[in-house]
Amino acid sequence: MWIDTHCHLDAHEFGNESVAQAALAKAQGVDMIVLPAVEVANFAIVAQLAASVDNACYALGIHPIYVPHAKEDDLRVLREQVAAAMDDPRFVALGEIGLDFFIPMLTEPAMRDKQVFFFREQLKIARDFNLPVLTHVRRSQDVVLKHVRQIRPNGGIAHAFNGSAQQAQGYIDLGFKLGFGGAMTFTRALQIRRLAADLPLESIVLETDAPDIAPSWVHPGRNSPDQVPRIGAVLAELRGMTVEQVAATTTENAQNVLPRISVR
């Protein structure tokens, strides 16, 4: 059994294939796919998609890349939607939220400040509802850590982790797991592969970020959630473990950090 802890199955790259992709993943042993929202406009979409298949759940949040067009009132909408979703067993986290200091436009002072404001307000929502968070940490590991230390959610996942061992420990100390996916499959990704091999396995969860971050055997094509078992096999090889051990432990890790997950 495998869990894809981060997959944008509603993305336009999948067209009308989203349900079929979930079924294909299920056939490969992927028993749960976590679908993070990215903006108010797709809150209902991820919820409906999760309800339409038997191996998906969802999170609600405003992604930092969508912050430039977001309105402050969107935070009110998010809080109201989260409150309503607490009765939905398929709702598992707040996300995707965080900070992106890779895209040049997002690093301009005014936009950086807006990102931080939206991130902190969303952390407050997660804290108030005792929810874990799915965090976007691109070129922003230390700043994300700083704000999470100040406004503590109920743990979470550092998605697409690509930081240092010290930063990894900072997230682990806060009750977070670290998301590893397609980037780990490239032999040139020395730092990510070293972390994947050396960090406690109990701190690692698997993800695809589909349709993005395709593994080496798919790149530059479209990623998909059915790739999780093969990505997991790479992790097993890096650690000198069996695939079965990696599947069992990473699944348990995902269920521990996202306790609302119910595998059907």
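A: Start with Asp 100, which sits in strand β4, residues 91–100. Helices (H or I, at least four residues) and strands (E, at least two) are DSSP runs, numbered from the N terminus. The model is predicted: local features need pLDDT of at least 70, side-chain atom pairs count only at pLDDT 80 or more, and totals for chains, interfaces and linings use all residues. Residues are numbered from 1 along each chain as its sequence is written, and side-chain values use heavy atoms, with hydrogens and water left out.

Asp 100 has a relative accessible area of 0%, so it is buried. Buried means under 20% relative accessible area, exposed over 50%, and partly exposed in between (1.4 Å probe, protein chains only). A polar atom of the Asp 100 side chain lies 3.2 Å from the backbone nitrogen of Ile 103. Leaving aside neighbours within four places in sequence, Asp 100 is in contact (heavy atoms within 4.5 Å) with Pro 64, Ile 65, Leu 106, Gln 115, His 136, Arg 138 and Ser 140.

Strand β4 also holds Glu 96. A cis peptide bond joins Gly 95 to Glu 96, with omega about 15 degrees.

Arg 139 is not a glycine, yet its phi is positive, near 55 degrees. With a relative accessible area of 60%, Arg 139 is exposed.

Asp 209 also has a positive phi without being a glycine, here about 60 degrees. Asp 209 lies in the loop between β8 and α8 and is buried, with a relative accessible area of 8%. Pro 211 is found in the loop between β8 (204–206) and α8 (228–239). Ala 210 and Pro 211 are joined by a cis peptide bond, with omega about 10 degrees.

Now the helices. Two packed helices are described by the angle between their axes and the distance between the axes. Axes are lines fitted to C-alpha atoms, for helices over the stretch in contact, and angles run from 0 to 180 degrees between N-to-C directions.

The axes of α5 (residues 141–150) and α6 (residues 165–173) come within 10 Å and cross at roughly 20 degrees. The two helices are therefore roughly parallel to each other; angles under 35 degrees count as roughly parallel, over 145 as roughly antiparallel, 65 to 115 as roughly perpendicular and the rest as oblique. The crossing of α5 and α6 is left-handed, meaning that the near helix is turned anticlockwise from the far one by less than a right angle; clockwise would be right-handed. From α5, Gln 141, Asp 142, Val 144, Leu 145 and Arg 149 meet Gln 167, Gly 170 and Tyr 171 of α6. The residues of this contact divide into 3 nonpolar, 3 polar and 2 charged. Ala, Val, Leu, Ile, Met, Phe, Trp, Tyr, Cys and Pro count as nonpolar, Asp, Glu, Lys and Arg as charged, and the others, Gly among them, as polar.

Helix α3 (residues 73–85) packs against helix α4 (residues 109–128) at an angle of about 20 degrees, with the axes 11 Å apart. That makes α3 roughly parallel to α4, and their crossing is right-handed. On the α3 side, the contact is made by Leu 75, Leu 78, Arg 79 and Val 82; on the α4 side, by Phe 117, Phe 118, Glu 121, Gln 122, Lys 124, Ile 125 and Asp 128. By class, this contact has 6 nonpolar, 1 polar and 4 charged residues.

Notes. Polar contact = N/O pair within 3.5 Å; in protein donor to acceptor, adjacent residues only side chain to side chain.
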